[in-house]
Structures are given as C-alpha cells and as structure tokens.
Amino acid sequence: MRCVVQRVTEAAVRIDGEVVGQAGKGFLLLIGVEVGDTDEDLDYIARKVQNLRIFEDENGKMNRSLLDVGGDILAVSQFTLLGDARGGRRPSFITAARPETADPMYEALVARWRGEGIHVETGRFGADMKVSLVNDGPVTILLDSRKIL
C-alpha cells in the first residue's frame with residue numbers, strides 16, 4: 001500500500017464542481033492499494049499516518065503528530081500511485097489492486113482513523129476528482145508498506 005502524505009492548511013476534492021470532501025489543518029492523503037496488500041499493510045499505513053511527527057512544536061521542530069494537533073484527513077483513493085513507468089512512456093498499472101479489493105481496503109483505512117477520533121473526509125472511489133490543496137511547508141512524505149526496512 002502506498003500513501004502520499006501532504007501536510008496542508010486546507011484541501012478539497014470536487015466532483016462535477018461540487019465539494020464532496022474537505023479538510024482544514026492536517027493531511028491530504030493519496031492512497032493506492034496494491035495487489036497482495038493485507039491487513040498488515042493497512043495497519044502499517046494507518047499507524048504511520050496518525051503518528052507521523054511532521055507538525056511543528058513550540059520550538060519550530062517537526063515533533064507533533066496529527067493526533068497531537070487534532071488535525072483533519074482528506075483521504076483520496078488513487079490507483080495511479082502504483083503506476084510503473086520504467087519500461088516505456090506509458091505507465092503500467094498491473095500492480096494496482098482491482099476495485100473490488102481496493103475499495104474495501106481504502107474504506108477500512110478510513111474507518112480505522114475515524115475510530116481513533118480523527119475527522120476524515122473522502123473523495124469518491126473511482127470518480128473523476130479535482131483535488132486542490134494548500135501544502136504547508138511544503139511537506140510531502142511517501143509511505144510504502146512494502147518498503148519498511
């Protein structure tokens with residue numbers, strides 16, 4: 001499972017011009033589910049995102065987590081994170097999980113964060129979405145549950 005974490009002051013996702021999800025101070029997350037991802041991959045991403053210390057403390061050091069600052073999450077499913085462009089000019093998406101597998105894992109991830117008391121809004125799985133954000137810093141981190149060592 002891959003997740004692009006962007007620290008934001010605000011973010012929104014629109015479908016056909018209508019805002020369907022938004023967040024204030026917190027994270028915009030782009031989430032890609034890979035063929036073979038398991039509950040362990042989901043657990044890793046869930047824990048890492050909520051505990052990632054990339055918010056500044058009183059000394060200006062990135063030392064506080066999303067939980068520490070009471071931040072929001074805007075979670076957007078994005079299969080293109082699994083695109084492999086090494087072999088040519090057109091990316092291959094064969095490692096991206098099929099929707100019938102990816103959507104339930106994405107929803108389980110969102111439910112996990114909501115269970116921790118985090119305010120989470122989402123895009124719409126499989127929709128053509130327009131995502132806007134104000135990246136704070138900018139701070140952008142790539143997480144990959146298969147590259148933890």
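Which residues of the largest nonpolar core touch the most other members?

**View 1. The largest nonpolar core of the predicted model.** In this predicted model, the largest nonpolar core has 29 residues, and those that touch the most other members are Val-5, Leu-29, Ile-31, Ile-45, Val-49, Ile-73 and Trp-113. Two or more residues of this core come from each of strand E1 (2-15), E3, H1, E6, H3 and strand E8 (130-144), and H3 gives the most, with six residues. Apart from this core lies another one of 14 residues, including Val-8, Ala-11, Leu-81 and Leu-82.

**View 2. The contacts of Val-49.** When residues up to four places away in sequence are not counted, Val-49 touches Cys-3, Val-5, Phe-27, Leu-29, Leu-66, Ile-73, Trp-113 and Leu-143. Val-49 is also listed among the residues of the largest nonpolar core that touch the most other members.

**View 3. Aromatic pairs, with Phe-27 and Phe-55 as one of them.** The count of aromatic pairs comes to three. The ring centres of Phe-27 and Phe-55 lie 5.3 Å apart with the planes at 25 degrees, so this pair is stacked. Because Phe-27 lies in strand E3 and Phe-55 in strand E4 (residues 55-56), the pair ties together parts that are 28 residues apart in sequence. Both Phe-27 and Phe-55 are buried.

**View 4. The pair of Tyr-106 and Phe-125.** The rings of Tyr-106 and Phe-125 have centres 6.2 Å apart and planes at 45 degrees, so the pair is tilted. Distant parts of the chain are linked here, since Tyr-106 belongs to helix H3 and Phe-125 to the loop between strand E7 (120-122) and E8, 19 residues apart. Tyr-106 is buried, with a relative accessible area of 1%, whereas Phe-125 is partly exposed, with a relative accessible area of 26%.

**View 5. The largest pocket and its lining.** The largest pocket holds about 440 Å³ of space and is lined by 22 residues, among which Ser-77, Gln-78, Phe-79, Thr-80 and Gly-126 lie nearest its centre. Strand E3 (26-32), strand E6 (72-77) and helix H3 (99-115) are the elements that give two or more residues to this lining. By residue type, the lining divides into 15 nonpolar, five polar and two charged residues.

**View 6. The surroundings of Glu-34.** Glu-34 has its place in the loop between E3 and helix H1 (39-51), and Glu-34 is buried, with a relative accessible area of 12%. Leaving aside residues up to four places away in sequence, Glu-34 touches Met-1, Leu-82, Thr-95, Ala-97 and Arg-146.

Key. Residues numbered from 1 in each chain as written. Predicted model: local features only at pLDDT ≥ 70, side-chain atom pairs only at ≥ 80, totals over all residues. Heavy atoms only, no water. 1 Å grid on protein atoms, 1.4 Å probe; cavity = no way out; pocket = protein on both sides within 12 Å on 5 of 7 lines; lining within 4 Å. Points joined across faces, edges and corners; volume = space filled by probe spheres on them. Helix = DSSP H or I, 4+ residues; strand = E, 2+ residues; numbered from the N terminus. Nonpolar A, V, L, I, M, F, W, Y, C, P; charged D, E, K, R; others polar. Buried < 20%, exposed > 50% of the residue type's maximum accessible area, 1.4 Å probe, protein only. Contact = heavy atoms within 4.5 Å. Core = buried A, V, L, I, M, F, W, Y, C linked by side-chain atoms within 4.5 Å. Phe/Tyr/Trp six-rings, centres within 6.5 Å; stacked < 30°, edge-to-face > 60°.
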